[in-house]
Amino acid sequence: MIAKLLMFLVSYIPLYIFLMILKWEVPYGVFWGASPDVVTILFYLTLLLFFIISIGWLIFFRFIKNNNSLSFDDLNRPDDTVISYVFTYIVPILSVTSGGLEIFLVNLLLFFMVAILYVRMQLFYINPILTLFGYITYMSNQGFIVSNIPYNDLLRLKNNLPGCYLANGVFLAKRSYLQNNKIE
């Protein structure tokens, strides 16, 4: 569950960056003598915390080692839902300028609602950051395969795909794991 929640937090990295840019006056004000209101500081610190947690998970993701293999029968390519998912960024961005504790709480509740849906519905294939880094999530009879290995090469490795489990039903297969395994 924790790994799945972390995958959700990572999927929102662009939103954290956009909102921190829109609220740039918070760190600017703190360093140059202005005093932003408590809600704005709380909003910015929440974004910063989520951003730091997400970057930590990406570092872990980068260095995670190959310790398993997977066999699967079918492999389905994802559809274009990543682009639809990015549109969930619009509500927080449009409301960030209006400020106020109510807007902050509503955005936080919206964020948690999307997180619960993301984890419960196993929407791991909807991750713009992993997609930007060249990873695509495929659905198979064994769960989800997150990989930067080309689709046709994955099909050739379906009886012995090297990788590791990020969570129950979420398998990571990196191109770098293939150094010892030749694609036939």
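**Entry 1: the model**

I am working with a predicted model.

**Entry 2: α1 against α4**

I started with helix α1, residues 2-11, and helix α4, residues 38-63. How far apart are their axes, and at what angle do the two helices pack? I read 9 Å between the axes and an angle of about 115 degrees. Angles from 65 to 115 degrees count as roughly perpendicular, so α1 and α4 are roughly perpendicular to each other. I noted that the crossing of α1 and α4 is left-handed.

Next I looked up who meets whom. From α1 come Ala 3, Leu 6, Met 7, Leu 9 and Val 10. From α4 come Phe 50, Ile 53, Ser 54, Trp 57 and Leu 58. I sorted this contact of α1 with α4 by class: nine residues are nonpolar, one is polar and none is charged.

**Entry 3: α1 against α2**

I then turned to α1 and helix α2, residues 13-22. Their axes lie 4 Å apart, and the angle is about 45 degrees. That makes α1 and α2 oblique to each other. On the α1 side I found Leu 9, Val 10 and Ser 11. On the α2 side I found Ile 13, Pro 14 and Tyr 16. The contact of α1 with α2 has five nonpolar residues, one polar and no charged ones.

**Entry 4: Met 7**

I picked out Met 7, which sits in helix α1. Is Met 7 buried or exposed? Met 7 has 0% relative accessibility, so it counts as buried. I set aside its neighbours within four places in sequence and listed what Met 7 touches. The contacts are Trp 57, Tyr 118, Phe 124, Asn 127, Leu 130, Val 146, Leu 166 and Val 170. Met 7 and Tyr 125 are 118 residues apart along the chain, with 10.0 Å between their C-alpha atoms.

**Entry 5: the salt bridge**

How many salt bridges are counted? I got one. The side chains of Asp 153 and Arg 156 form a salt bridge, with 2.8 Å from N to O. Where do these residues sit? Both are in helix α9, residues 151-156. Asp 153 and Arg 156 are three residues apart there, so about one helical turn separates them.

I compared how open the two partners are. Asp 153 has 17% relative accessibility, so Asp 153 counts as buried. Arg 156 has 49%, so Arg 156 counts as partly exposed.

Methods
Residues are numbered from 1 along each chain as its sequence is written. This is a predicted model: local features need pLDDT of at least 70, side-chain atom pairs count only at pLDDT 80 or more; totals for chains, interfaces and linings use all residues. Side-chain values use heavy atoms; hydrogens and water are left out. A salt bridge is a side-chain nitrogen of Lys or Arg within 4 Å of a carboxyl oxygen of Asp or Glu. Buried means under 20% relative accessible area, exposed over 50%, partly exposed in between (1.4 Å probe, protein chains only). Axes are lines fitted to C-alpha atoms, for helices over the stretch in contact, and angles run from 0 to 180 degrees between N-to-C directions. Angles under 35 degrees count as roughly parallel, over 145 as roughly antiparallel, 65 to 115 as roughly perpendicular and the rest as oblique. A crossing is left-handed if the near helix is turned anticlockwise from the far one by less than a right angle, and right-handed if clockwise. Contact means heavy atoms within 4.5 Å. Ala, Val, Leu, Ile, Met, Phe, Trp, Tyr, Cys and Pro count as nonpolar, Asp, Glu, Lys and Arg as charged, and the others, Gly among them, as polar.
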